[in-house]
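Okay, everyone, thanks for coming. Let me put the sequence and the model up on the screen, and then we'll walk through a few spots together.

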Amino acid sequence: MLHKKSSNNLIAKALATSVMVAAVVIPVATEKVQAAPVTKTTFKDVPKSHWAYESIKQVAEKGLVTGYEDGTYKPSAQVTRAEFAMFLSRVFDSSERTTASFNDVPSTHWANDSIQEGLALGFIKVEDFANNKFEPNKPMTRGEMSRWLANGLAHANSEYAKAIEEMANSNLTIIPIPEFYGGGVNKKDLPYIGVALGTGLLSGYEDFKFKPNGNTTRAEVATILIRFMDTMKKAPSDFTGLKELREVASTGTNILTISNFKKSKYGGYEDVLGKPHTFLNKTGVATIEHAIFVDTTGSKPKSIFKDMFFNEQSNNKIKIYLNKNEFMKGETYRYWAFNATMSGKMFGSRTDDGSMFYYEVPK
């Protein structure tokens, strides 16, 4: 995995290509009940030294997540679907309700009203559950949580709904988590995970995995709810990471978001994607699938995609070929190549049919 930073104010660039002969470097459980309503804002099992102390205190003060009668918060306990429905319903505090219902959530269930609110606002959708069963006591997965949060943002701002739709309907979408390449994630969850990552609502772990099937604790959800309330006040355009993901889904590259390069009158990457480019020495044919840029002009790489290329621990299941001797004649390879583009310089290329991409920095 690439990890050495380019010097002299370079912007690192990784291009996914399909190559015929030689490598190419293109330029550029049991019934569970809710916590009893307790108005305490500090808890005996959450000392000030706890990493989520401030967030837990805030959600308790706002009445979003309450403690238990014994004075505990249970920060390590997993959050169930019913609980998260209640937490989000308290964030929205809406009077809207729906007539839809689930077979396993009777009207007497303690979270029924919150679930009805979630269905009305759209952060819970009936079609996401099999056999019309909500399974209220089932722990929330991070994939499900991403879906609910993204749908909640879409209710607050329709532009988030557009972001979800763009990533869901594009074959160019890349979500920068190892599971995107190695499996272990429901493809239907990818655009929602993209919104969660792009806005910073959720992030990866130390090994860069997102763990979409993992669960969330009450401590973690306190932090997430605080972030969610802040994110609802902002537009998708306020988040560079989300803008990158949307640009990639639309054009195959994030160059306009992450750099000061502009597309020239001759065209951009979207004009050459999938089109063959034969090398001058006739040793091979390449096609560009994506062009992902990482800004290395500062002390640390910048881009929502940076961990794909600049962390040794990352394991994205994509092999990087930089030596043409590794390729066999007549074989097709799909790989990430690496090159660097000087900040402030012009660059471009053309495919066999004359299509071009050409970028420059406006004077």
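So, which residue takes a positive phi in the hairpin of strand 3 and strand 4? It's Lys-282, with phi near 60 degrees. Before I go on, do keep in mind that this is a predicted model. Back to that hairpin: there are six residues between the two strands. Strand 3 covers residues 277-278, and two bridges join it to strand 4, with the pair running antiparallel. If you want to find the pairing on screen, look for His-277, which stands opposite Ala-286 in strand 4.

Now stay with strand 4 for a second, residues 285-295. Why do we call it largely enclosed by the rest of the structure? Because nine of its 11 residues are buried.

Most residues other than glycine have a negative phi. Now go to the loop between helix 3 and helix 4, where you'll find Asn-131 and Asn-132. Asn-131 has a positive phi, near 55 degrees, and for Asn-132 the value is also positive, near 55 degrees. How exposed is each of them? Asn-131 comes out at 66% relative accessible area, so it counts as exposed. Asn-132 is at 24%, so that one is partly exposed.

Let's step back into helix 3, residues 112-121, and pick out Leu-119. Is Leu-119 buried or exposed? Its relative accessible area is 13%, and the cut-off for buried is under 20%, so Leu-119 is buried. And what does Leu-119 touch, leaving out residues up to four places away in sequence? You get Thr-98, Ala-100 and Phe-102, and then Ile-124, Lys-125 and Val-126. Thr-99 is 20 residues from Leu-119 in sequence, and the C-alpha atoms of the two are 8.9 Å apart.

Last stop, the largest pocket. It holds about 410 Å³ of space. Twenty residues line this pocket, and the ones nearest its centre are Arg-81, Asp-128, Glu-144, Asn-186 and Asp-189. What kinds of residue make up the lining of the largest pocket? There are 10 charged ones, along with five polar and five nonpolar. As for where they come from, helix 4, residues 142-156, gives the largest share of that lining, with four residues.

That's my tour, so over to you for questions.

Methods
Residues numbered from 1 in each chain as written. Predicted model: local features only at pLDDT ≥ 70, side-chain atom pairs only at ≥ 80, totals over all residues. Heavy atoms only, no water. 1 Å grid on protein atoms, 1.4 Å probe; cavity = no way out; pocket = protein on both sides within 12 Å on 5 of 7 lines; lining within 4 Å. Points joined across faces, edges and corners; volume = space filled by probe spheres on them. Nonpolar A, V, L, I, M, F, W, Y, C, P; charged D, E, K, R; others polar. Buried < 20%, exposed > 50% of the residue type's maximum accessible area, 1.4 Å probe, protein only. Pairing = 2+ DSSP bridges. Contact = heavy atoms within 4.5 Å.
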